[in-house]
Amino acid sequence: MAIETYNTRPKILIPEKVSPDGLALLKESFEVDERKGLSAEQLKEIIGQYEALIVRSETKVTAELLGAAKKLKVVARAGVGVDNVDVKTATSLGIIVVNSPSGNINAAAEHTIALLMAVARNVADASQSIKAGKWERSRLTGIEAKGKTLAIVGLGKVGLTVARIANGFGMRLIAYDPYANENLATAASVTLLPNLADLLTQADFLTLHTPLIASTKGMISRAELATMKPTARILNVARGGMIDEDALVEALDAGTIAGAGIDVWTSEPPEADSSASRLIAHPKVVATPHLGASTKEAQENVSIDVCEQVVSILSGELPRSAVNAPIILPEEYRTLQPFVTLLEKMGSLYTQHYSGKVNAASFRTTFDITYEGALAELNTTKPLFAALVKGLLSPISETLNINIVNAELVAKERGILINEQRSRENVDAKPYSSFITLRARASRSSSQARQGRSASPLSSRVPQAQPPATGQAQLTPNTQAPAKETSEQVIQGFVSGNKPFISRLDRFSGEFVPQGTLLICRNFDSVGKIGYVGNLLGKAGVNIKFMNVAPLHDADEEEGSGSKEALMILGVEGEVTEAVRKGLISEEGALEASLVVL
Ligand SMILES: NC(=O)C1=CN([C@@H]2O[C@H](COP(=O)(O)OP(=O)(O)OC[C@H]3O[C@@H](n4cnc5c(N)ncnc54)[C@H](O)[C@@H]3O)[C@@H](O)[C@H]2O)C=CC1
Ligand SMILES: O=C(O)C(=O)COP(=O)(O)O
């Protein structure tokens, strides 16, 4: 009999040539599919199976592709430029985009220098000429780099590396980069100029090292070329699209620009009869097919860099160089992790426990999170914020992929307002060093207050959301909190030994671990209640794994009313049907009973 096997390891798609050094890190825990030569259509058809996608510059990671990538958690760019990735769409879908910001700097800089020298000394032309059996020494006379002015646009990592090498050639270095670090420029003997126009008129060699963004697209066009010396040579190892290719062909033909060394093109590979192909064919141009990062060393670097980040992300940790997420030091993340779990549980507990109790259709819920103790000293609370949003929404939606990348956006879309505050008071008085308190305030709109409707605690913008598979019922109307224009729920928790605990739920204080299936019963603190609940659950075949009793937080509350209330928190195993839950609510049993799965 044939046995069908299912591979449950997360799948990673690599549609381009990525160095095996990094891939080796993936193969232990993940299924790695290297599939080159896929069309955009084929890619879209299969992307739904993958949790990670690793690309270089050839794969166009479009909104359409991302829309079909239902499981995708990360797009890893094995290189620097992410202009082939629709980062905005990835962000809105909660997909992390990572790159390797420094793995190929040296390769790109050395390739720029290779083109500079090739253009200066007619290397490509001379090579073709001699291979054709010619001996053209005077036609191929070049110029020297020494003493010439190298004008750099974009003095970032690659631009600075080019400057340092060119400094060794004895070139004069000038740069235009409105955001450059002046100290680094001075240390590399580069003079920063305040505008592009001044730079262009002085350039013997012009080299571009900016990203392709709105401000750099077409930045060297007809007007700019016209201001340059006719002896000037232009280099581009950054991105096609920054130079107007038609304008450059015209300037080379007219002799108003002497030559060019180009590695990157407006469309790659260039189409026949395109402006890029005319430039490639031009005798004054040294052309390479986007080879800036193509060295063995750079490819090893970028591959290892992004594969390590893919492992981190698929293991639930944070990457070190995400393009669309805040960067958090790994040590800091380790400190935060148990609190991330705690806040997620608090959010989920809120949504499930108060489901049906708090109105939402036109309630606007504001959550105040207070971090006390060591947590108040944190540099960033972004992962905690994201954990709360995730916890609040996960019980009502299975498809929302919430993480630090999109949490703020999702919260905003859902009308969830979250205020974070830090409190350094009372730390010594508390037995644990860090506490988190969540206060939820829901204010009823005046029209609803009149109608007295009730719905889910989350925003009015989730009308179709399914209620959680849990329930909450009241014994009689007069056991409920009196109807108020505003109401507040409080959940407090802490972490001990890396384990999250809830220490307060509304008016009740008592410690319990927010894990598994919990039955939370509010009852009068009197004889027989526990027995009643235990007996009923036993009859229904529900096993009680643990039980905690949480008395009133404020001992003075309800004094004089005769009977105080308490919460019973039961960790249960076995199915608690709606009938069983409702059965717990009786005069001998509980006033309320809710079932939450954490
Ligand atoms: N051909 C290839 O294979 C490779 C190409 N690259 C490309 O090289 C470019 C530079 O890479 P890095 O130096 O690593 O980036 P980087 O981010 O370190 O440097 C870019 C610099 O451009 C400057 N800049 C931004 N807008 C500007 C503007 N409007 N005018 C002037 N300067 C501006 C920034 O201030 C920054 O200093 C990127 O586009 C990257 O994709 C990088 C590696 C290999
Ligand atoms: O890193 C970059 O920005 C590059 O342009 C390198 O592209 P590649 O990975 O060689 O397709």
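For the ligand shells on this tour, Ala, Val, Leu, Ile, Met, Phe, Trp, Tyr, Cys and Pro count as nonpolar, Asp, Glu, Lys and Arg as charged, and the others, Gly among them, as polar. The structure is a predicted model, in which local features need pLDDT of at least 70 and side-chain atom pairs count only at pLDDT 80 or more, while totals for chains, interfaces and linings use all residues. Residues are numbered from 1 along each chain as its sequence is written, and chains are lettered from A and ligands numbered from 1 in the order in which they are written.

**Ligand 2**

The selection holds R56, S57, A78, G79, V80, G81, N104, H290, G292, A293 and S294. By class, this shell has three nonpolar residues, seven polar and one charged.

**Ligand 1**

Move to ligand 1, which has 31 residues around it; G81, G154, G156, V158 and G292 come nearest. Its shell divides into 16 nonpolar, 11 polar and four charged residues. Now colour α5 (105–120) and α7 (157–168), each of which supplies at least two residues of the shell around ligand 1. Helices here are DSSP runs of H or I with at least four residues, strands are runs of E with at least two, and both are numbered from the N terminus. Which helix gives the largest share of the shell around ligand 1? That is α7, with three residues.

**Helix α5 against α7**

Keep both helices on screen. They pack at an angle of about 50 degrees, with their axes 9 Å apart. Axes are lines fitted to C-alpha atoms, for helices over the stretch in contact, and angles run from 0 to 180 degrees between N-to-C directions. Angles under 35 degrees count as roughly parallel, over 145 as roughly antiparallel, 65 to 115 as roughly perpendicular and the rest as oblique; α5 and α7 are therefore oblique to each other. The crossing of α5 past α7 is right-handed; that term applies if the near helix is turned clockwise from the far one by less than a right angle, and left-handed if anticlockwise.

**Two loop residues**

Go to S189, in the loop between α8 (182–187) and β8 (190–192). Its phi is near 65 degrees, a positive value in a residue other than glycine. Then select E268 and P269, which are joined by a cis peptide bond with omega about -10 degrees. P269 sits in the loop between β11 (259–262) and α12 (275–281).

Select α1 (residues 20–27) with α13 (residues 296–314): their axes come within 7 Å and cross at roughly 20 degrees. That makes α1 roughly parallel to α13, and the crossing is right-handed. Next take α15 (residues 382–393) and α16 (residues 407–414), packed at about 45 degrees with axes 9 Å apart. This pair is therefore oblique, with a left-handed crossing.

**Zooming out**

Colour the protein chain by domain: domain 1 (11–103 + 298–314), domain 2 (105–287), domain 3 (328–506) and domain 4 (511–598). These bounds come from an automatic or database domain assignment. The centres of domain 2 and domain 4, taken over C-alpha atoms, are separated by 75 Å.

Finally, select residues 113–292, which the unreviewed UniProt entry annotates as "domain: D-isomer specific 2-hydroxyacid dehydrogenase NAD-binding". UniProt positions are in the numbering used here, feature names are shortened, and annotations may be inferred rather than shown by experiment. This stretch is 36% helix and 16% strand, and its end C-alpha atoms lie 10 Å apart.

Terms used
Near = placed C-beta within 6 Å.
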